[in-house]
Amino acid sequence: MSGQESESDTTLNEIERIDKEYVFGTWSFQSEVNPTEIVHTDGVTFTDANGNEYIDFSGQLMCSNLGHSAERVTEAVSEQINDTAYVAPGFTTEARAKLGKKLAAVTPGDLSKTFFSTSGTEAVEAAIKIARFYTGKQKIISRYRSYHGATYGSISVTGDPRRLAAEPGIPGTIKAPDPYAYGSTLDPMQSLDYIEEMLKLEGDTIAAVLVEPIVGSNGILVPPNEYLPRLKEIAHEHGALLVCDEVMAGFGRTGEWFGCDLFDVEPDIMTMAKGLTGAYQPLGATIVSSEIAEYFEDTMFCHGHTYSGHPAAVAAGLAAVETYQSENLIEQAREAGEYLETRLDDLAKKHPSVGDTRGIGLFRGIELTKNSKKRVPFGTREDKVSKGSTVVDEVASKAYGNGVYVANMINTLIIAPPLTITNAEIDDAVTALDSALKVSD
Ligand code: PLP
């Protein structure tokens with residue numbers, strides 16, 4: 001197709017056409033979806049090249065936690081680049097040291113030393129390596145409804161069917177069932193019994209159990225309160241570490257700093273990205289307990305990246321964490337989340353195709369169903385990968401036409417707006433969704 005215009009290309013402007021021809025899209029935007037040129041972002045909105053403004057009801061890829069106008073962060077990045085644009089990771093900067101200290105303060109308990117990278121998937125890769133080196137064991141238990149990233153280690157621990165194209169992946173990864181109350185025959189706590197059984201059967205070979213405390217892109221699954229504390233207990237009983245992947249749930253999304261704070265659980269290793277800078281710069285982080293940190297004082301951690309602790313990225317991270325604190329954004333997310341819950345309940349009452357609304361804080365999902373008694377999904381996880389468009393895609397597309405951007409994964413609309421969203425903006429977005437849901441009713 002090089003140099004030729006396809007039929008759909010006539011709807012694209014020049015930039016979009018060039019982009020489509022020369023840029024290899026990620027799997028989120030590869031098949032049916034044409035690139036849309038965005039020319040401006042502001043507050044909780046973004047604007048396309050035709051001047052259409054959209055409410056960003058998913059914070060782009062569930063990462064723009066600070067909204068699109070966090071001046072403290074943009075200023076910190078620009079000052080940093082003007083001052084010291086880059087130094088190799090063997091040197092340090094004020095921002096890197098201070099962000100390390102800050103993360104030790106805001107993460108739970110004894111988590112104390114951070115390895116910096118540039119993305120969520122790299123944060124998970126580091127966690128897998130650290131767990132294996134530290135325990136001297138190889139296997140990792142993760143869960144089917146999970147997403148941990150696209151590089152080989154992370155996609156291998158991912159349960160989402162997008163992993164299938166990358167299989168066999170890295171050796172030593174085992175999947176367990178999830179605490180998915182709406183769509184599974186297993187009770188959430190029974191799924192935990194299953195993991196306990198796996199730990200027993202695998203003997204002393206499991207380095208870690210790796211979970212998203214609140215599952216994000218695989219459906220916004222909040223486990224029962226007893227789940228995560230018990231998971232940590234059984235992992236430790238079998239000599240395995242608990243790794244919490246907070247890439248999506250972290251930084252106020254749930255109304256707490258981290259998803260595991262909801263359950264008072266302190267993991268041995270925690271991964272972060274997305275909200276860590278509010279998406280103002282690419283930054284990943286893997287924080288470990290002081291015991292694990294101590295182990296690596298005299299044992300080489302064979303790992304590193306050119307841009308580990310990149311000055312502009314850590315400057316963004318430091319300014320972002322300071323912004324969450326100074327603007328009380330965690331509390332704001334909790335309060336706005338309560339309001340959002342009531343508005344989603346209204347949608348559930350009104351639309352037969354809304355099977356379940358669930359989540360916590362500003363991290364919520366609307367699962368659609370063809371039949372609410374039998375809980376039949378409109379699209380399965382496999383449909384999403386093999387066929388692309390589902391009814392849920394059509395609902396999201398209609399909402400976009402109504403001026404609201406909402407991400408959708410598998411059978412669920414994912415609502416994760418900037419933590420700065422007001423109740424009036426929530427109302428506007430819910431009105432657009434209300435009309436869009438007629439597609440699935
Ligand atoms: N872990 C979780 C829980 C995620 O949601 C994601 C991305 O959505 C990742 C890891 C991978 O992050 P990235 O896309 O920055 O590599």
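Which residue does the side chain of Lys200 meet in a salt bridge?

I began from the ground rules: this is a predicted model, in which local features need pLDDT of at least 70 and side-chain atom pairs count only at pLDDT 80 or more, while totals for chains, interfaces and linings use all residues. Residues are numbered from 1 along each chain as its sequence is written, and side-chain values use heavy atoms, with hydrogens and water left out.

Entry on Lys200. I looked up its partner and found Glu197, at 3.7 Å from N to O, where a salt bridge is a side-chain nitrogen of Lys or Arg within 4 Å of a carboxyl oxygen of Asp or Glu. Both residues lie in helix α7 (residues 188–201), three residues apart, about one turn of the helix; helices are DSSP runs of H or I with at least four residues, numbered from the N terminus. I noted Lys200 as partly exposed at 48% relative accessible area and Glu197 as partly exposed at 41%, with buried meaning under 20%, exposed over 50% and partly exposed in between (1.4 Å probe, protein chains only).

Entry on Glu94. I found a salt bridge from Glu94 to Lys98, with the closest N and O atoms 2.7 Å apart, and the two are separated by about one helical turn because they sit four residues apart in helix α4 (residues 94–106). Glu94 is exposed at 55%, whereas Lys98 is partly exposed at 44%.

Entry on Arg230. I recorded a salt bridge between Arg230 and Glu237 at 3.7 Å, N to O, and Arg230 is partly exposed at 26%. A network of salt bridges links Glu196, Arg230, Glu233 and Glu237.

Tally. I noted 17 salt bridges in the structure.
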